[in-house]
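I opened this notebook to keep track of what I looked up, one entry at a time. The entries follow the order in which I turned to each part.

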Amino acid sequence: MYLINNEPNAGALLTKLAGSIQDFNESVDLYLNHMKEYEVFNPFRGDVRGSSMGIDKPIPYKFWERLGIRHLVLNAFHSRQETPDHWHVETDGEETAYRWNDVKNDEIVEELKTLFRCSSIIQFAEWASVAGASDFWDGLFYDVIEPLGKRNFEFVFHLGDISRRFVFEVDEVLDIIGQYSEYGRVTLVLDNNEADKLWTKLNGIVYDEAVSATRLHAARERYAYIFNTMKVDSLVVLSSNRASHFSRGEQSQFGGRSFENIYIPRYGKDFFDAGYRLGMLLQLETAHCIALGQVVSGAYVKNEGWPGSKVLLTYIEDWIEEMSSGY
């Protein structure tokens, strides 16, 4: 598929983003405070409650970890979620032995349907780091997502480092991810190293770190190939302080602030994801979701702490001023 290259006007993008944050500053702060308290790097910690949904007791984090779900954002995302005790998964140190059919029962499936019905965004964990993720995601799709018939989900997937996985395993999970596009918008987020390893795996090439050092144009061609191989709505590739976005018929590049490497090791994607999900909750266009991901990432690094709406606005204002000054 031929992709039209679209370079958005960064100043106009940031100005509109600042307006959205100002218009919804209370909701933005509510979400960011919730993230800070409950979900950053360790999702679902604490008692996250939602008794209004008829769910009374806490779901252990281990259950979500076993399903390969990183974040579940309710329509009323500031609510705490609670679910029954029997969702606990006893692994006895043999997690790899568990499959979806070992865990599910009619009661759990119905309660998951209740919870997912009240959810707007589902972000999955890195596939390569979750034992049996393909089986769990396939089971969730057929037993929970498909029967609900709800078609306005936002699904965010990560693959992680797939270099140690077989080609058939990678092909399988790409097909499973593609299924989810029938019931909502699917976004795949990779860093540039993950994307290059995926590209080499799909093309039967042994990965060489020199691949990542090739010119930007060649990198875009690799990422476009990945996007065209999959059935997703958006592919976002993060590299240094730049994000590349691929969607149907279009590719876009988003530059970060020139003096910052905002994607800090290990946790960089978590901050980007938090901003990206916030953009989804505010029902912003994908370009603004990506920009907000960059802003949340950059503001965290610059301020060495979790930002609020005022910090985000200051960061955006400084960024716009730097661009107008030619920095």
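I looked up Phe166 and found it exposed, at a relative accessible area of 55%, where exposed means over 50%, buried under 20% and partly exposed in between, with a 1.4 Å probe and protein chains only. Phe168 is also exposed, with 57%. I noted that this is a predicted model, in which local features need pLDDT of at least 70 and side-chain atom pairs count only at pLDDT 80 or more, while totals for chains, interfaces and linings use all residues. Residues are numbered from 1 along each chain as its sequence is written, and side-chain values use heavy atoms, with hydrogens and water left out.

Next I turned to the ring pairs, of which the structure holds 18; rings of Phe, Tyr and Trp (its six-membered ring) pair if their centres lie within 6.5 Å, and planes under 30 degrees apart count as stacked, over 60 as edge-to-face and the rest as tilted. Phe141 and Tyr142 make an edge-to-face pair, with 5.0 Å from centre to centre and 85 degrees between the planes. Phe141 is buried at 1% relative accessibility, whereas Tyr142 is partly exposed at 41%.

I then asked which residues the ring pairs link into a cluster. The members are Phe124, Trp137, Phe141, Tyr142, Phe153, Phe155, Phe157, Tyr180 and Tyr183.

My next entry is on Trp127, which I found in the loop between strand E3 (119-126) and helix H6 (133-148); helices (H or I, at least four residues) and strands (E, at least two) are DSSP runs, numbered from the N terminus. Trp127 counts as buried because its relative accessibility is 1%. Leaving aside neighbours within four places in sequence, its contacts (heavy atoms within 4.5 Å) include Trp137, His158, Ile162, Val170 and Val173. The C-alpha atoms of Trp127 and Ile162 are 8.3 Å apart, although 35 residues separate the two along the chain.

Last I looked at helix H7 (residues 167-180), whose 14 residues reach 21 Å from first C-alpha to last, close to the 20 Å expected, the expected span being 1.5 Å times one less than the number of residues. Among the buried residues of H7 I listed Val170, Val173, Leu174 and Tyr180. The buried residues of H7 pack against E3, H6, strand E4 (153-158), strand E5 (184-191) and helix H8 (192-202).
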